[in-house]
Amino acid sequence: MLFRSKQVIADRASEVEAAEQRELLEREREENERRRLESEREQLKMVEAIGRGLERLSNGDLSAQLSEPFAPEFETLRKDFNTTIQHLRGTIQAVMNTANGMNIGIEEISRASDDLSRRTENQAARDRKSTRLNSSHLVISYAVFCLKKK
């Protein structure tokens, strides 16, 4: 009977230990599930934020920035996105500055071309007038010469 009591106690201790082990495993499983769900939420949040940023960018909004921090494992991605947008904004600004400079140069060339055209037209008109005067002078000179001969 003493042996039987010891056996019952040992069995009961094994059952308690097994129950504690099952409870510990269940808590670990629940904690792992909680972490997995939290990770999925963080990933979804990150994907949605990047999607909104890309949509703004595709609509021409170069001020798009991801300001809300991501989970630590994704924070580098957020910073890289923002840096890329800043570089793109700088590149677009440089292209716009170059285009503006070219437009100014084109306007200057156009004004100079118009000015040269006017001066050429004026010179041609003076040359035609001078030619007419010279022709008239020659005709008069020839007439005077012919009159003197007679």
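Good morning. The model before you is predicted, so that local features need pLDDT of at least 70 and side-chain atom pairs count only at pLDDT 80 or more, while totals for chains, interfaces and linings use all residues. Residues are numbered from 1 along each chain as its sequence is written, and side-chain values use heavy atoms, with hydrogens and water left out.

I begin with the overall picture. The chain has two helices and zero strands; helices (H or I, at least four residues) and strands (E, at least two) are DSSP runs, numbered from the N terminus. Of the 150 residues in the chain, 10% are buried. Buried here means under 20% relative accessible area, exposed means over 50%, and partly exposed lies in between, with a 1.4 Å probe and protein chains only. The chain exposes about 12,600 Å², of which carbon and sulfur atoms supply 58%; accessible areas come from the Shrake-Rupley method with a 1.4 Å probe, and for residues only the protein chains shown count as cover. Turning to contacts (heavy atoms within 4.5 Å), among those between residues at least 6 apart in sequence, 43% join residues at least 24 apart.

Which residues make up the largest nonpolar core? There are nine: Met 46, Ala 49, Ile 50, Leu 66, Phe 70, Ala 71, Phe 74, Phe 81 and Ile 85. Helices α1 (2-58) and α2 (75-149) each supply at least two residues of this core, and α1 gives the most, with three. By nonpolar core I mean a set of buried Ala, Val, Leu, Ile, Met, Phe, Trp, Tyr and Cys residues joined through side-chain atoms within 4.5 Å.

Asn 82 lies in helix α2 and is buried, at a relative accessible area of 10%. With neighbours within four places set aside, Asn 82 is in contact with Gln 65 and Leu 66.

I turn now to charged side chains. Side chains of opposite charge can pair when their charged atoms come close. The structure holds 12 salt bridges, each being a side-chain nitrogen of Lys or Arg within 4 Å of a carboxyl oxygen of Asp or Glu.

One of them joins Arg 29 and Glu 26, at 2.8 Å from N to O. These two residues are three apart in helix α1, and therefore about one helical turn separates them. Arg 29 is partly exposed, with a relative accessible area of 45%, and Glu 26 is also partly exposed, at 33%.

What links Glu 31, Arg 34 and Arg 35? The three are linked in a network of salt bridges. Glu 31 pairs with Arg 34, their closest N and O atoms being 2.5 Å apart, and the side chain of Glu 31 also meets that of Arg 35, at 3.2 Å from N to O. Within helix α1, Glu 31 and Arg 34 are three residues apart, whereas Arg 35 and Glu 31 are four apart; each spacing is about one turn of the helix. Glu 31 counts as partly exposed at 27% relative accessibility, as does Arg 34, with a relative accessible area of 44%.
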